[in-house]
Amino acid sequence: MASKDKGRPRSRSRRRMPSSVVINVHATFNNTLLTVADRSGNVLMWESSGASGFKGNRKGTPYAAQLAAENLGKKAVEMGIASARIQLRGPGSGRESAVRALHACGINISEIRDVTPIPHNGCRPRKRRRG
């Protein structure tokens with residue numbers, strides 16, 4: 001038995017944004033990725049230094065991370081996000097500037113956690129860089 005709305009496109013219903021979210025800042029040496037997720041881990045929006053228009057070495061700079069965080073913060077405030085927990089990951093230079101930019105956009109930061117993965121003597125590390 002065929003359903004009634006078989007050829008019709010589904011209407012996209014606007015999901016209600018949660019007021020409190022988790023913002024993940026993944027700062028590598030080459031780029032900074034920012035992700036907004038709800039409490040259960042579903043990604044709502046994201047931004048990166050590369051998506052903000054930076055290329056090459058400039059993606060890893062604190063200024064690029066700041067602009068990416070400002071773009072994400074503006075989108076989040078428009079969607080109605082008021083407060084956030086921030087999780088920082090990685091050794092990159094864009095960590096501090098991203099947090100400052102998010103705070104300047106009007107997002108209330110309730111908690112900042114560093115969740116950089118640190119091995120407890122697990123796998124053998126890569127050989128050292130020579131330079």
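Trainee: With which residue does Glu111 form a salt bridge?

Mentor: Please keep in mind that this is a predicted model. Side chains of opposite charge can pair when their charged atoms come close. The closest N and O atoms of this pair are 3.6 Å apart, and a salt bridge asks for a distance within 4 Å. The partner of Glu111 is therefore found within that cut-off, and its name is Arg85.

Trainee: Is Arg95, which meets Asp114 in a salt bridge, buried or exposed?

Mentor: The N to O distance between the side chains of Asp114 and Arg95 is 3.3 Å. Asp114 lies in strand 5 and Arg95 in helix 2, so the pair ties together parts that are 19 residues apart in sequence. The relative accessible area of Arg95 is 19%, and because the cut-off is under 20%, Arg95 counts as buried.

Trainee: Why are Glu96 and Arg100 separated by about one helical turn?

Mentor: These two residues form a salt bridge whose closest N and O atoms are 4.0 Å apart, and both Glu96 and Arg100 are exposed. As for the spacing, it follows from their places in helix 2, because there Glu96 and Arg100 are four residues apart.

Trainee: Which kind of aromatic pair do Phe54 and Tyr63 form?

Mentor: A pair of aromatic rings is described by the distance of the centres and the angle of the planes. For Phe54 and Tyr63 the centres are 6.0 Å apart and the angle between the planes is 90°. Phe54 counts as buried at 7% relative accessibility, whereas Tyr63 counts as partly exposed at 48%. Since planes over 60 degrees apart fall into one class, the pair of Phe54 and Tyr63 is edge-to-face.

Trainee: What is the relative accessibility of Thr32?

Mentor: Thr32 is found in strand 2, residues 32-37. Leaving aside neighbours within four places in sequence, Thr32 is in contact with several residues, among them Val25, Glu47, Lys59 and Gly94. Thr32 counts as buried, because its relative accessibility is 0%.

Trainee: How much space lies in the second largest pocket?

Mentor: The second largest pocket is lined by Pro117, Pro119, Cys123 and Pro125. By class, this lining has four nonpolar, no polar and no charged residues. The space in the second largest pocket is about 190 Å³.

Technical notes:
Residues are numbered from 1 along each chain as its sequence is written. This is a predicted model: local features need pLDDT of at least 70, side-chain atom pairs count only at pLDDT 80 or more; totals for chains, interfaces and linings use all residues. Side-chain values use heavy atoms; hydrogens and water are left out. On a 1 Å grid over the protein atoms alone, a cavity is a set of points where a 1.4 Å probe fits but cannot get out, and a pocket is an open set with protein on both sides within 12 Å along at least five of seven lines; lining residues have an atom within 4 Å of a point. Grid points are joined across faces, edges and corners, and a volume is the space filled by probe spheres set on the points. Ala, Val, Leu, Ile, Met, Phe, Trp, Tyr, Cys and Pro count as nonpolar, Asp, Glu, Lys and Arg as charged, and the others, Gly among them, as polar. Helices (H or I, at least four residues) and strands (E, at least two) are DSSP runs, numbered from the N terminus. Buried means under 20% relative accessible area, exposed over 50%, partly exposed in between (1.4 Å probe, protein chains only). Contact means heavy atoms within 4.5 Å. Rings of Phe, Tyr and Trp (its six-membered ring) pair if their centres lie within 6.5 Å; planes under 30 degrees apart count as stacked, over 60 as edge-to-face and the rest as tilted.
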